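Subject: Structure handover

Hello,

Here is the structure we talked about passing on. My notes follow below it.

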Amino acid sequence: MLMFCPTCGNILTAEERKDNFRMVCGSCPYNYIVRKRLSSRLYPKLKEVDDVLGGAKAWENVETTEENCPKCGHPKAYFLQIQTRSADEPMTTFYKCVDCAHRWKE
């Protein structure tokens, strides 16, 4: 929490001493001794992300092609083409290895 000096309006900075913790103004002699430490954490709820490829069902009825897997070297992979950019750009090809199920795109 930001605190401001009631005298001059500048931001108060934290200063810790042996016996107390206080907020001090850098431009005037004002200081505020903190008697009790307060803290809280608020974690925002993350939005659910849609699977761009359509989930597991998108890979059910796909064709195979002769493409080497970069992970295991298997010579066959399933492939799926999706238009991910604007219409004047080429389609993105997604591959899934038949052997190890590793996924990559080109």
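Of the 106 residues of the protein, 21% count as buried, where buried means under 20% relative accessible area, exposed means over 50%, and partly exposed lies in between (1.4 Å probe, protein chains only). This is a predicted model, in which local features need pLDDT of at least 70 and side-chain atom pairs count only at pLDDT 80 or more, while totals for chains, interfaces and linings use all residues. Residues are numbered from 1 along each chain as its sequence is written, and side-chain values use heavy atoms, with hydrogens and water left out.

Overall form

The protein has a radius of gyration of 30 Å, whereas a compact globule of 106 residues would have one near 13 Å. That radius is taken over C-alpha atoms, and the globule rule is 2.2 Å times the number of residues to the power 0.38. Along the principal axes, the C-alpha atoms fill a box of roughly 75 × 35 × 25 Å. The protein exposes about 9,100 Å², and carbon and sulfur atoms supply 51% of that area; accessible areas come from the Shrake-Rupley method with a 1.4 Å probe, and for residues only the protein chains shown count as cover.

There are seven strands and zero helices. Helices (H or I, at least four residues) and strands (E, at least two) are DSSP runs, numbered from the N terminus. Among contacts between residues at least 6 apart in sequence, 21% join residues at least 24 apart; contact means heavy atoms within 4.5 Å.

On charge, the mean positions of the 16 positive and 14 negative charges are 16 Å apart. Lys and Arg count as positive and Asp and Glu as negative, while His and the chain ends are not counted. The place of a charge is taken as NZ of Lys, CZ of Arg, CG of Asp or CD of Glu.

The region at residues 5–28

An unreviewed UniProt entry lists residues 5–28 as "zinc finger region: C4-type". UniProt positions are given in the numbering used here, feature names are shortened, and annotations may be inferred rather than shown by experiment. Over residues 5–28 the chain is 42% strand and 0% helix, with the end C-alpha atoms 9 Å apart.

G26 lies in the loop between β2 (21–25) and β3 (31–34). With a relative accessible area of 78%, G26 is exposed.

E66 is found in strand β4 and is exposed, with a relative accessible area of 60%. Leaving out residues up to four places away in sequence, E66 touches P75 and K76. From E66 to G9, 57 residues apart along the chain, the C-alpha separation is 70 Å.

Under "binding site", the unreviewed UniProt entry lists C69, C72, C97 and C100. They span 32 residues in sequence, but no two of their C-alpha atoms are more than 8.6 Å apart, so they gather at one spot.

C69 sits in the loop between β4 (63–66) and β5 (76–82) and is buried at 4% relative accessibility. Not counting residues up to four places away in sequence, C69 touches H74, C97, C100, H102 and W104. C69 and Y95 are 26 residues apart in sequence and 8.6 Å apart in space, C-alpha to C-alpha.

C97 belongs to strand β6 (residues 92–97) and counts as buried, at 2% relative accessibility. With residues up to four places away in sequence again left out, C97 touches C69, C72, H74, K76, A77, H102 and W104.

C100 is in the loop between β6 and β7 (103–105). Its relative accessible area is 30%, so C100 is partly exposed. Beyond its neighbours within four places in sequence, C100 is in contact with C69, K71 and C72.

A101 lies in that loop between β6 and β7 as well. A101 is not a glycine, although it has a positive phi of about 65°. A101 is partly exposed, with a relative accessible area of 42%.

Regards
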